[in-house]
Amino acid sequence: MNELYMKQAIELAQRAKGRTSPNPMVGCVIVKDDRIIAKGYHHHCGGVHAEVDALNRVNEDLSDATMYVTLEPCSHHGKQPPCCEAIARSGIKKVVVATLDPNPIVNGRGIAYLKSQHVDIEVGVCEDEAIHMNKIFNHYITHKTPYVLIKAAITLDGKIATKTGESQWISGPQSLNYVHQLRNEYSSIGVGVNTIIVDNPSLTIRLPEQDNQCHHRIIFDSKGRIPLHSKVLNDAFASKTIILTTSLMPPNIKETIIQKGARVIEVGSHEGHVDIKESMHILGSLGIDSLFLEGGSEIIASALKAKIVHEVHIALAPKLIGGQDAKGFMGDIGVESLSQAIQLEFTQVEQLGSDIIIKAKVVN
């Protein structure tokens, strides 16, 4: 039964996908006499935590109840008071935890406090699922850099556009909706300046169940080539746009971009481009815990060469373009032998409409 209740807590936690950053997703179920008497989850960053959300919904004695929570209850004062203290006050005598909190200021301390209050603790139920659910949080809280996912829509022969540059739309409508769901889960969307020049995308989130939304938009532009009429500089979300550039950006271009409400951050250069490793540390310092990198081919190549990528998702469309002049989804990464190839491990393959979605994690 422990796994059954914990799986429900995990499902609850995922209701807030894309809204808790940079906090983790957390779900909680309280059980008494083999019945669920309360459920809760962390709805959004700054909101009450899952354990308190569930406790607030209880109207009966908890001395014989068990709490199932997907992450170790916090033990410190942040935007909310410590959950472990609220649990101890509630009278609950057993707490089942999926996984410890990797946050150094919490790790093990919440468990230790509850034990000191004579609360019976069990850790490790559905641990793998709970860790995977919070892969972004787990990476960010330990490394202070964004978790990076590369997405590309390609034809069966690996092309992202025809030789004339036409790319809309290689993948089908179901894949496009899937992309917007992914955008919603990541705190920033990143592209190279060539993508802005060629496609002029909005880089917003458009899903049937919610209005047009926008997370941070990251543009890698070493020389200030972004067109000043670009949507990302002139729509209602211009303040969400961050241009990462180098000293090569002309001062007048920088000033115009700032006047439009966007942010310009100068970083070092590497091989003639924005230093992407340094960029990750800068984004992390701004509280940006994840980056959904959509292209184009050069920025994808730079990210892979710099070894900052954690996952790759490919939407494989049943189309063939052919020709050496039609663009592939990634540029040269300097591989001269197979031993130098970037190794991936497939994690999921599924059909979505007419397309195949291939998900893989980067091994090296």
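A cavity is a set of points on a 1 Å grid over the protein atoms alone where a 1.4 Å probe fits but cannot get out, and its lining residues have an atom within 4 Å of a point. The views below come from a predicted model, in which local features need pLDDT of at least 70, side-chain atom pairs count only at pLDDT 80 or more, and totals for chains, interfaces and linings use all residues. Residues are numbered from 1 along each chain as its sequence is written, and side-chain values use heavy atoms, without hydrogens and water.

View 1. One cavity of 30 Å³ or more is counted. The largest cavity holds about 50 Å³ of space, a volume being the space filled by probe spheres set on the grid points, which are joined across faces, edges and corners. Its lining consists of Lys151, Ala152, Ser175, Tyr178, Val179, His313, Ile314, Ala315 and Ile357.

**View 2. Elements around the largest cavity.** Strand E6 (147–155), helix H7 (173–185) and strand E16 (311–317) each give at least two residues to the lining. Helices (H or I, at least four residues) and strands (E, at least two) are DSSP runs, numbered from the N terminus.

**View 3. Helices H3 and H4.** The axes of H3 (residues 83–90) and H4 (residues 109–116) come within 9 Å and cross at roughly 20°; axes are lines fitted to C-alpha atoms over the stretch in contact, with angles from 0 to 180 degrees between N-to-C directions. H3 and H4 are therefore roughly parallel to each other (angles under 35 degrees). Cys84, Glu85, Ile87 and Ala88 in H3 meet Gly110, Tyr113 and Leu114 in H4, contact meaning heavy atoms within 4.5 Å.

Definitions and conventions
1 Å grid on protein atoms, 1.4 Å probe; cavity = no way out; pocket = protein on both sides within 12 Å on 5 of 7 lines; lining within 4 Å. Parallel < 35°, antiparallel > 145°, perpendicular 65-115°, else oblique.
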